[in-house]
Amino acid sequence: MSVMTTPATWQFWAVLSAVFAALTAIFAKIGIRGVDSDLATLVRTAVILVVLAVFVWGTGKWSDPFALPPKTWMFLVFSALATGVSWVCYFRALQIGDASQVAPVDKMSVVLVAVFAFAFLGERPVLREWIGIVLVGGGIWLIATKR
């Protein structure tokens with residue numbers, strides 16, 4: 001069984017996501033030297049589109065996207081727009097700041113996801129999880145503030 005078809009825990013995939021997100025920051029910081037950050041974001045997006053199209057087709061997961069329900073389309077479009085704006089902001093921040101500071105501040109999304117999930121999705125983290133969320137926020141603040 002290949003890695004892509006092997007069932008694994010969400011933790012496994014989340015750790016891989018973190019590893020590749022870290023590599024994203026390093027590769028992007030090197031790649032945007034002397035290049036407009038918006039153009040760099042466009043190139044990155046085009047590569048992602050091609051890679052994902054090949055992946056979905058190659059793994060036999062292709063189906064008619066127009067058959068998706070309208071609500072699904074609406075929220076996927078909202079998610080795509082938020083991703084695009086996030087990437088534009090991220091690349092601009094990387095162009096100006098240090099990757100070791102920009103990437104952790106970008107991860108403030110961890111704190112915001114918990115707050116938004118509480119407010120909009122009805123998720124209810126327990127006290128121990130809220131303490132962890134506060135600690136993440138505090139760590140981000142320590143990294144982001146000037147020495």
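Helix axes are lines fitted to C-alpha atoms over the stretch in contact, and the angles between N-to-C directions run from 0 to 180 degrees. The structure described here is a predicted model, in which local features need pLDDT of at least 70, side-chain atom pairs count only at pLDDT 80 or more, and totals for chains, interfaces and linings use all residues. Residues are numbered from 1 along each chain as its sequence is written, and side-chain values use heavy atoms, with hydrogens and water left out. The protein chain contains six helices and zero strands; helices (H or I, at least four residues) and strands (E, at least two) are DSSP runs numbered from the N terminus.

**Overall architecture**

- Along the sequence, the pattern of the protein chain reads α-α-α-α-α-α.
- The C-alpha trace of the protein chain spans about 50 × 45 × 35 Å along its principal axes.
- Of the 147 residues in the protein chain, 14% count as buried; buried means under 20% relative accessible area, exposed means over 50%, and partly exposed lies in between (1.4 Å probe, protein chains only).
- Among contacts in the protein chain with a separation of 6 or more, 64% join residues 24 or more positions apart, where contact means heavy atoms within 4.5 Å.

**Helices α2 and α3**

- Two packed helices are described by the angle between their axes and the distance between the axes.
- Helix α2 (residues 37-58) and helix α3 (residues 70-96) have axes that come within 9 Å and cross at roughly 130 degrees.
- This angle makes α2 oblique to α3, since angles under 35 degrees count as roughly parallel, over 145 as roughly antiparallel, 65 to 115 as roughly perpendicular and the rest as oblique.
- The crossing of α2 and α3 is right-handed; a crossing is right-handed if the near helix is turned clockwise from the far one by less than a right angle, and left-handed if anticlockwise.
- On the α2 side, Ser-37, Asp-38, Ala-40, Thr-41, Arg-44, Thr-45 and Ile-48 meet Trp-87, Val-88, Tyr-90, Phe-91, Arg-92 and Gln-95 of α3.
- The residues of this contact comprise six nonpolar, four polar and three charged (Ala, Val, Leu, Ile, Met, Phe, Trp, Tyr, Cys and Pro count as nonpolar, Asp, Glu, Lys and Arg as charged, and the others, Gly among them, as polar).

**Helices α4 and α6**

- The axes of helix α4 (residues 99-106) and helix α6 (residues 127-144) come within 9 Å, crossing at roughly 155 degrees.
- The two helices α4 and α6 are therefore roughly antiparallel to each other, and their crossing is left-handed.
- Ser-100, Gln-101, Pro-104 and Val-105 of α4 make the contact with Ile-140, Ile-143 and Ala-144 of α6.
- Five nonpolar, two polar and no charged residues take part in the contact of α4 with α6.

**Ala-99 in its surroundings**

- Ala-99 lies in helix α4 and is buried, with a relative accessible area of 16%.
- Leaving aside residues up to four places away in sequence, Ala-99 touches Ala-25, Lys-29, Leu-94 and Pro-104.
- The C-alpha atoms of Ala-99 and Ile-30 are separated by 9.7 Å, although these residues are 69 residues apart along the chain.

**Aromatic pairs**

- Rings of Phe, Tyr and Trp (its six-membered ring) pair if their centres lie within 6.5 Å; planes under 30 degrees apart count as stacked, over 60 as edge-to-face and the rest as tilted.
- By this rule, there are six aromatic pairs.
- The ring centres of Phe-12 and Trp-13 are 5.0 Å apart and their planes are at 80 degrees, so this pair is edge-to-face.
- Phe-12 is partly exposed at 38% relative accessibility, and Trp-13 is partly exposed at 32%.
- Phe-66 and Trp-73 form a stacked pair, with 5.8 Å centre to centre and 20 degrees between the planes.
- Phe-66 is exposed, with a relative accessible area of 70%, whereas Trp-73 is partly exposed at 33%.
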